[in-house]
Amino acid sequence: MTTAPGGDADDLTTVRVAQFFPHPPAKVWRALTEPGLLARWQMPGAEEFRLEVGHRYRMTSVPRPHSRFSGVVEVRVLAYDIERMLSLRWEDADPANLAEWTVTWTLEQEGRGTRLFLVHEGFDPDDPAQMSARKIMDGGWRERVLPSLGRTLDQLG
C-alpha cells in the first residue's frame, strides 16, 4: 500500500491511500457498492447503502472519546461514476463533533487488476481531536479496512 498520487505526506487535512487489487474494476466496484458485500468489510450499517446521489444511511463503530468520535457516522452519497469513482460525505452523528469528511474512492485499471485510490479529506489540522481521528483513520484504512476489502474480493472468486 502506498500514498495515493498527488498525495502530500505533510497534508494534515487528508488521508491518501492507494492499493492494488488483482481483480478487475467491475469486481472492485461491486464490493464498493453492493450492500451485501459492503457489510462484509465496512462498519455495521453499510448494508443500508444505495448507489443513489443524496441517499443517506448510518454506520456504527467503536466510540473514541479522545478523538470526539461518537461511534456513529451519518453517510450521504455525493457522486459516482460507475466503475470509476464513488464519493461520500461522512459526518459524526454527535452535533458536538464538527467532523465533516469526504471519502472518495477512485478505481483505475492496472493490467488485469485495479489500483484503488482512497482520499479521506476534511480534517482540521488545528483541532487536536481531529488530528487524533486522522491518525486512527489513516491506520484503520491501511491496516484493517483495505485488507478486509481484499479478503472480500478474494472470496468472490
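Modeller: In this predicted model, Lys and Arg count as positive and Asp and Glu as negative, while His and the chain ends are not counted.

Biologist: How far apart are the mean positions of the positive and negative charges of the protein chain?

Modeller: The protein chain has 19 positive and 23 negative charges.

Biologist: In what order do the elements of the protein chain run from the N terminus on?

Modeller: The protein chain holds three helices and six strands. From the N terminus on, the order is β-α-α-β-β-β-β-β-α.

Biologist: How does the radius of gyration of the protein chain stand against the globule rule for 157 residues?

Modeller: For 157 residues the globule rule gives 15 Å, and the chain is close to that, so it is as compact as a globular protein of that length. The C-alpha atoms fill a box of roughly 45 × 35 × 25 Å along the principal axes. The radius of gyration itself is 15 Å.

Biologist: Is helix α1 largely enclosed or open?

Modeller: Helix α1 covers residues 25–33, nine residues in total. Its buried residues are Pro25, Lys27, Val28, Trp29, Ala31, Leu32 and Thr33. Seven of the nine are buried, so the rest of the structure leaves α1 largely enclosed.

Biologist: Which residue of β6 is the bridge partner of leucine 107?

Modeller: Strand β5 (residues 100–110) pairs with strand β6 (residues 113–121) in the antiparallel sense over nine bridges. Within that pairing, the partner of leucine 107 is leucine 116.

Biologist: Which residue in the turn between β5 and β6 has a positive phi?

Modeller: β5 and β6 form a hairpin, with two residues between them. The phi of about 60° in that turn belongs to glycine 111.

Biologist: Which residue in β5 stands opposite leucine 88?

Modeller: Strand β4 (residues 85–92) and β5 pair in the antiparallel sense, over seven bridges. Opposite leucine 88 stands valine 103.

Biologist: Does glutamine 130 count as buried or exposed?

Modeller: Glutamine 130 lies in helix α3 (residues 128–155). Leaving aside neighbours within four places in sequence, glutamine 130 is in contact with Asn97, Ala99, Trp101, Gly122, Phe123 and Asp124. The cut-off for buried is under 20% relative accessible area. At 6% relative accessibility, glutamine 130 counts as buried.

Definitions and conventions:
Residues are numbered from 1 along each chain as its sequence is written. This is a predicted model: local features need pLDDT of at least 70, side-chain atom pairs count only at pLDDT 80 or more; totals for chains, interfaces and linings use all residues. Side-chain values use heavy atoms; hydrogens and water are left out. Helices (H or I, at least four residues) and strands (E, at least two) are DSSP runs, numbered from the N terminus. The radius of gyration is taken over C-alpha atoms; the globule rule is 2.2 Å times the number of residues to the power 0.38. The place of a charge is taken as NZ of Lys, CZ of Arg, CG of Asp or CD of Glu. Two strands pair if DSSP finds at least two bridges between them. Buried means under 20% relative accessible area, exposed over 50%, partly exposed in between (1.4 Å probe, protein chains only). Contact means heavy atoms within 4.5 Å.
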